[in-house]
Amino acid sequence: MEARKPGEEILRVEDLVVHYKIRAGWVRAVEGAKFSLNRGDTMGLVGESGCGKTTTGYSIAQLLPDNAYIKGGKIHFLGEEILSKTLLPDGRVDKFNEYMRKLRWKRISYIFQGAMNALNPVLKVGDQIVEAILAHEKVDEETARERVKELYKLVGIPPDRIDNYPHEYSGGMKQRAMIAMALALNPDLIIADEPTTALDVIVQDKILGEMTRLQRELGMTMIIITHDISIVAEIANKMSVMYAGQIVERGTTRHIFKRFAHPYTKGLLGSFPSIVGEKRRLEAIPGSPPNLLNPPSGCRFHPRCPYAQEICRTEEPPEVEVEPGHFVKCHFAEKFFKEWHGG
Ligand code: SF4
């Protein structure tokens, strides 16, 4: 395997557009998403449900359903543009594409929402991970089993549990096993979609702590898809905030938590107590996300934005760099940046 250079660019998504065809028309699920990750980065992709986070993750791993069409954009993974190699002429994902089949698991692994329920109930958990290794690497079974034991130690499961069946594991252990499976082939990128939402808060905390430790120890590159901004604060060094199919703010987690400049991010952080201080009441963002069959004109957030002006209803805002590496998609980004943070 080629040497892995710390800090090298792993992933660059440029102007990604994904629409779903349904009977009522086209759902504009992702419109113009862009971000990049270097080796060792963990990026939180955060937003309300239905905002396009999972569609973005599925586009990178090319796991989109048949009615999804990638209408535009580029995805560079390890220096190669993958969409031009893998999509069907109409923009749908080619499920049998050989190039992508090799990338998936080996280079990109995906921890699905509720992944712990994806374990096959009639096979021993360890055997399922061994099989995944044998399917992608030329190693013998004994070597694969040894690797699984090492992975179990890494994710905090006693190695002698590899011969148990899924029903003998707790929810937290199953989720740890899924993380071990995701790590098994030492991928360059892990996409974890709401990795802990099905677990109770204490187990959730433990698993997140474990993932943060693994991330640091192994220098993993990860995208965490979540609606929970506190998870991003805990684990991610970068973040992208999505609203109604668009990335409205992106940059380092530190910059965005301290110097957010998009009204939607302000609202999200307003519902996160430690950012705004003890005394302030938590604010929910009024209204609900728009129907992406017919998204609002101009800025998609304008029907809910307390700062909306006439221009917001008619013109789509540009993405503005308010400080190096910190981008905000709002007509008044620079003004808010100065007003809110005295910049
Ligand atoms: S562009 Fe206008 S509506 Fe959109 S977030 Fe900025 S101020 Fe609000």
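A residue is called buried when its relative accessible area is under 20%, exposed when that area is over 50%, and partly exposed in between (1.4 Å probe, protein chains only). The model described here is predicted, so that local features need pLDDT of at least 70 and side-chain atom pairs count only at pLDDT 80 or more, whereas totals for chains, interfaces and linings use all residues. Residues are numbered from 1 along each chain as its sequence is written, and side-chain values use heavy atoms, with hydrogens and water left out.

A pair of aromatic rings is described by the distance of the centres and the angle of the planes. Rings of Phe, Tyr and Trp (its six-membered ring) are paired if their centres lie within 6.5 Å; planes under 30 degrees apart are counted as stacked, those over 60 as edge-to-face and the rest as tilted. Twelve aromatic pairs are found in the structure. One of them, formed by Tyr58 and Phe112, is edge-to-face, with 6.3 Å from centre to centre and 70 degrees between the planes. This pair links distant parts of the chain, 54 residues apart: Tyr58 belongs to helix 1 (residues 53-61), and Phe112 to the loop between strand 6 (108-111) and helix 4 (125-136). Helices (H or I, at least four residues) and strands (E, at least two) are DSSP runs, numbered from the N terminus. Tyr58 is partly exposed, at 22% relative accessible area, and Phe112 is likewise partly exposed, at 30%.

In a second example, the ring centres of Tyr307 and Phe336 are 4.9 Å apart and the planes stand at 55 degrees, so the pair is tilted. Because Tyr307 lies in the loop between helix 11 (273-276) and helix 12 (310-314) and Phe336 in helix 13 (residues 333-341), parts 29 residues apart in sequence are tied together. Tyr307 is partly exposed, with a relative accessible area of 27%, whereas Phe336 is buried, at 2%. Both rings belong to a cluster in which ring pairs link Phe260, Tyr307, Phe332, Phe336 and Trp340.

Charged side chains also meet aromatic rings. A charge sits over a ring if NZ of Lys or CZ of Arg is within 6 Å of the ring centre and within 35 degrees of the ring normal. The charged end of Lys266 is placed over the ring of Trp340, 5.1 Å from its centre, and Arg250 lies over the face of Phe327, 4.1 Å from the ring centre.

Another arginine, Arg145, is located in helix 5 (residues 141-155) and is buried, with a relative accessible area of 19%.
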